[in-house]
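Colleague: I would like to go through this model with you. Could we take the sheet, then the cores and helices, and finally the backbone details?

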Amino acid sequence: MKLFSSTQIKEIDEYSIVHEPITSVALMERVAEILAHAILDIYPHVNRFLVFCGPGNNGGDGLAVARLLALQGKCLDIVLLYDQEKFSTDTLINYKRLKKTSCVTLHRIDKLEDLPELGPQDVVIDAMFGTGLSRPLNGWPLEVVTYINSCQAEVVSIDMPSGLPGEDCSGFPSDGIVCATNTLTLQFPKLSFFFPENEKYVGLFQVLPIGLHPQALTTIPTPYQFITASNVKPLLPKRATFGHKGTFGHLLLIAGSKGMMGASVLSARAACRAGVGLVTSHVPSGQGQIVQIAVPEVLVVEDMDTVCFSSISNIKTYSAIAVGPGISKHQKARVALRQLLKEVESPLLLDADALNIIAEERDMLDMLPPNTILTPHPKELSRLVGDWSNSFQRLELQQAFALKYQVVLLCKGAFTTIALPNGDLLFNSTGNSGMATGGTGDVLSGIIGGLLAQGLTSVDAAILGVYLHGLAGDISAGEIGQQALTASDLVNNLGKAWLSILK
């Protein structure tokens, strides 16, 4: 699913109106019908809605939705923030239609004390400002936002919470944005929905297809995409009937150090579940028995050092290499990693301590082979790219880094972001906060490493690996809840994740 800027969304709307063809007010009616159905699905037993409408087309959507809800027997109080002289053409049409509808009370209000009384069983529909907003709210609209956020009622925002910009949120004060319980967004999510600081405004968002012209969606370029099941199914590696363990690749996994062998075990188990033919775990001397007992399917090579990764040989025999989980930042590990970067020819994944070493010895950045996959969490990412003041700036830094070094750079977390060497930015649709626990990053390294070893490109391995990882987390949460979820649960449910995609 492509994601577009606010400017592009307006362009897509206009293209759809011309080429469907459909009048703009007819498109608004179609949108309103879809929105009304969604609202009734969420709140089937709510009898009264208080709708706040702005002067633009977002307000027109709200007026049309109010009319349709009234026709279903609901009671509607509509608060108009502006006089009708300021309404857009389509908003004015829907205002006149609404005036003929029963069970609807229209209020043109510009003082808080004149607002209709709002009870805890009522629901607010926020239809004040949409993607066309270009500056922070002030004056009367800001007062209304403050009032809505102080109420106990649930809030449904149409397309996006009023006051929230579609992309860069710099300069938009936190008290000037509606805090929605649910956001019913049209056709595709907005970029700002994926920023953690905006969770309190967006709430749960639901994407409602509204039939915008497919030609516009296909031809208008954008670097942003949302990874869904339809994206990943074509990426699944093929399993040849006469294939054998040598056919499906051999992953070298350099993970773990003394006292951190859980990272090696988790990543090795995950790699095996990713479909790779063979996995060799490189571990410190004396630590191999831990892996062999925990993961009998894995081959083990022991380092000369008893504490950490210090050297490696014969790396050309492997289909792919994953290095970093739990290896420590010991000086010997630094030297070994530097030597590995000089010699490696196989597809490469770097995680955790490998990234922390590189962040401290920055000349290694220029040694990264093209298309190397880097899988940091936000703190590790900041060590690589620098600090950011908001998530949009983080995206820009992540994108610039991937372009500069021609790597695939992840930022793990909710809606894990993948920056590609061509500058594209992808957001993952699977996963949940139950995965915010130790070891889940090690599992991701094993999954992506296993996919790399099977011959997937770095881009495809990252996309499919992140999606599988999150899907296994969703399946686990569905079985045992988010609170009880552990990294081992992800590994145990990878099989179900594969089957879910294959359906």
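Modeller: What follows is a discussion of a predicted model.

Colleague: In what order do the strands of the open sheet run?

Modeller: The open sheet has 11 strands, in the order β1-β9-β18-β17-β16-β15-β14-β13-β10-β11-β12. Its pairing is mixed. The edge strands, each pairing on one side only, are β1 (2-3) and β12 (299-302).

Colleague: Which helix packs on the sheet, and which strands does it touch?

Modeller: Helix α14 (residues 391-405) packs there and touches β9 (224-227), β15 (373-374), β16 (408-411), β17 (417-419) and β18 (425-428). The direction of α14 makes about 35° with that of β17.

Colleague: How many bridges join β11 to β12?

Modeller: Strand β11 (residues 278-283) is joined to β12 by four bridges, and the two strands run parallel. Thr280 has Leu299 of β12 as its bridge partner.

Colleague: And what about the pairing of β10 with β11?

Modeller: Strand β10 (residues 250-254) pairs with β11 over five bridges, in the parallel sense. The bridge partner of Leu253 in β11 is Ser281.

Colleague: Changing topic: how many residues has the largest nonpolar core?

Modeller: The largest nonpolar core has 91 residues, and Ile78 and Leu350 are those with the most contacts inside it. Helix α2 (residues 24-42) supplies the largest share of this core, eight residues.

Colleague: What does Ile78 touch?

Modeller: Leaving aside residues up to four places away in sequence, Ile78 touches Val51, Cys53, Leu63, Ala66, Leu98, Val104, Thr105, Leu106 and His107.

Colleague: How do α16 and α18 cross?

Modeller: The axes of α16 (residues 458-480) and α18 (residues 494-502) come within 8 Å and cross at roughly 110°. An angle from 65 to 115 degrees counts as roughly perpendicular, and the two helices are therefore roughly perpendicular to each other. The crossing of α16 past α18 is right-handed.

Colleague: Which residues make that contact?

Modeller: From α16 they are Leu464, Tyr467, Leu468, Leu471, Ala472, Ile475 and Glu479. From α18 they are Leu494, Lys496, Ala497, Trp498, Ser500 and Ile501.

Colleague: Which residues of helix α12 are buried?

Modeller: They are Asp353, Ala354, Leu355, Asn356, Ile357, Ile358 and Ala359. That is seven of the eight residues of α12 (residues 353-360), so this helix is largely enclosed by the rest of the structure.

Colleague: What covers them?

Modeller: The cover of the buried residues of α12 includes β13 (320-323), α11 (331-343), β14 (348-350), β15 and α13 (378-385).

Colleague: Now the backbone. Which peptide bond is cis?

Modeller: The bond from Glu20 to Pro21 is cis, with omega near -20°. Pro21 is in the loop between α1 (6-19) and α2. Most peptide bonds are trans, and most residues other than glycine have a negative phi.

Colleague: Buried or exposed, in the case of Gln187 and Ala352?

Modeller: Buried means under 20% relative accessible area. Gln187, at 13% relative accessibility, counts as buried. Ala352 is buried, with a relative accessible area of 13%.

Colleague: In which strand is Asn182, and what does it touch?

Modeller: Asn182 is in strand β7 (residues 182-186) and is buried, with a relative accessible area of 12%. Not counting residues up to four places away in sequence, Asn182 touches Ile42, Tyr43, Glu154, Val155, Val156, Ser157, Val202 and Leu204.

Colleague: Lastly, where is Asp122?

Modeller: Asp122 is in the loop between β4 (104-108) and β5 (123-127). Asp122 is buried, with a relative accessible area of 12%. Beyond residues up to four places away in sequence, Asp122 touches Arg48, Glu117, Ala153 and Glu154. Asp122 and Asp363 are 60 Å apart in space, C-alpha to C-alpha, and 241 residues apart in sequence.

Note on methods
Residues numbered from 1 in each chain as written. Predicted model: local features only at pLDDT ≥ 70, side-chain atom pairs only at ≥ 80, totals over all residues. Heavy atoms only, no water. Pairing = 2+ DSSP bridges. Contact = heavy atoms within 4.5 Å. Axes fitted to C-alpha atoms, helices over the stretch in contact; angles between N-to-C directions. Core = buried A, V, L, I, M, F, W, Y, C linked by side-chain atoms within 4.5 Å. Buried < 20%, exposed > 50% of the residue type's maximum accessible area, 1.4 Å probe, protein only. Parallel < 35°, antiparallel > 145°, perpendicular 65-115°, else oblique. Left-handed = near helix turned anticlockwise from the far one by under 90°.
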